[in-house]
Amino acid sequence: CASATCVQSDCCSANPTCGAYTCPSGYTSKGSTVVCASATCVQSDCCSADPCSSYTTCSTCTAANSCGWCVSSLTCNTGTSSGPSSGTCSSTWAWVSSFCPGNPTCGSSSYSCPSGYSSKASTTICATQTCAQSDCCTANPTCGA
């Protein structure tokens, strides 16, 4: 101790703040001045689940307040017209529905049907931004049917 009586600053150091802690995709920062619960900051100290991450299409995402759609990752994130609040978007950032891309076609997505299924027309438009088996494939008939 620095004197005959110990004080907190003699024995303890303050826990760090979140500072430049980087939150993963789907999470937003609680703020750089938040003090961490221990000597090492962890995700739960500095990040909270992004409320926009529950939206799974560009149109539902851009209809929600403070949410935008990253076309390359097909994710909805909290942000502004400039981009996501946390992290980056390496492609088009759709802040309003008019910037949402059209859904791909089975042909443009190069979707391959599994064994026992036949491909629908390559011009078939998929139901979402990611083509699924139900969009692009039809089950082959069975004998006797």
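1. Burial comes first. Of the 145 residues in the chain, 26% are buried. Keep in mind that this is a predicted model. The exposed surface comes to about 8800 Å². Carbon and sulfur atoms supply 54% of that area.

2. Next, the inventory. The chain holds five helices and eight strands. In sequence order the pattern reads α-β-α-β-α-β-β-β-β-α-β-α-β. The C-alpha trace spans about 95 × 40 × 20 Å along its principal axes.

3. How much of the contact set links residues 24 or more positions apart? Such pairs make up 28% of the contacts in the chain with a separation of 6 or more.

4. The sheet deserves a look. Four strands form an open sheet in the order β5-β4-β3-β6, and the pairing is antiparallel. Its edge strands are β5 and β6, each of which pairs on one side only. As background, strands of a sheet pair through backbone hydrogen bonds, either parallel or antiparallel.

5. Take the pair β3 and β4. Strand β3 covers residues 67-70 and strand β4 covers residues 75-80. The two run antiparallel and are joined by four bridges. Gly-68 has Asn-77 in β4 as its bridge partner. The two strands form a hairpin with four residues between them. Within that hairpin, Leu-74 takes a positive phi near 55°.

6. Now the other side of β4. Strand β5 covers residues 83-84 and runs antiparallel to β4, with two bridges joining them. Which residues stand opposite each other here? Gly-79 faces Pro-84 in β5, and Thr-80 faces Gly-83 in β5. This is a hairpin too, with two residues between β4 and β5.

7. Thr-78 also sits in strand β4. Is Thr-78 buried or exposed? Thr-78 counts as buried because its relative accessibility is 18%, and the cut-off for buried is under 20%. Its side chain makes a polar contact of 2.5 Å with the side chain of Asp-50.

8. What else does Thr-78 touch, leaving out residues up to four places away in sequence? Besides Asp-50, the list holds Thr-28, Pro-51, Cys-52, Ser-66, Pro-84, Ser-85 and Trp-93. One of these, Pro-84, belongs to β5, where it stands opposite Gly-79.

9. Ser-97 is set in a loop. That loop lies between β6 (93-94) and α4 (106-109). Ser-97 is partly exposed, since its relative accessible area is 49%, and exposed would require over 50%. Cys-126 is 29 residues away from Ser-97 along the chain. Their C-alpha atoms are separated by 18 Å.

10. Thr-78 lies in strand β4, and Ser-97 lies in a loop.

Notes. Residues numbered from 1 in each chain as written. Predicted model: local features only at pLDDT ≥ 70, side-chain atom pairs only at ≥ 80, totals over all residues. Heavy atoms only, no water. Buried < 20%, exposed > 50% of the residue type's maximum accessible area, 1.4 Å probe, protein only. Pairing = 2+ DSSP bridges. Contact = heavy atoms within 4.5 Å. Areas by Shrake-Rupley, 256 points an atom, 1.4 Å probe, with all protein chains shown as cover. Polar contact = N/O pair within 3.5 Å; in protein donor to acceptor, adjacent residues only side chain to side chain.
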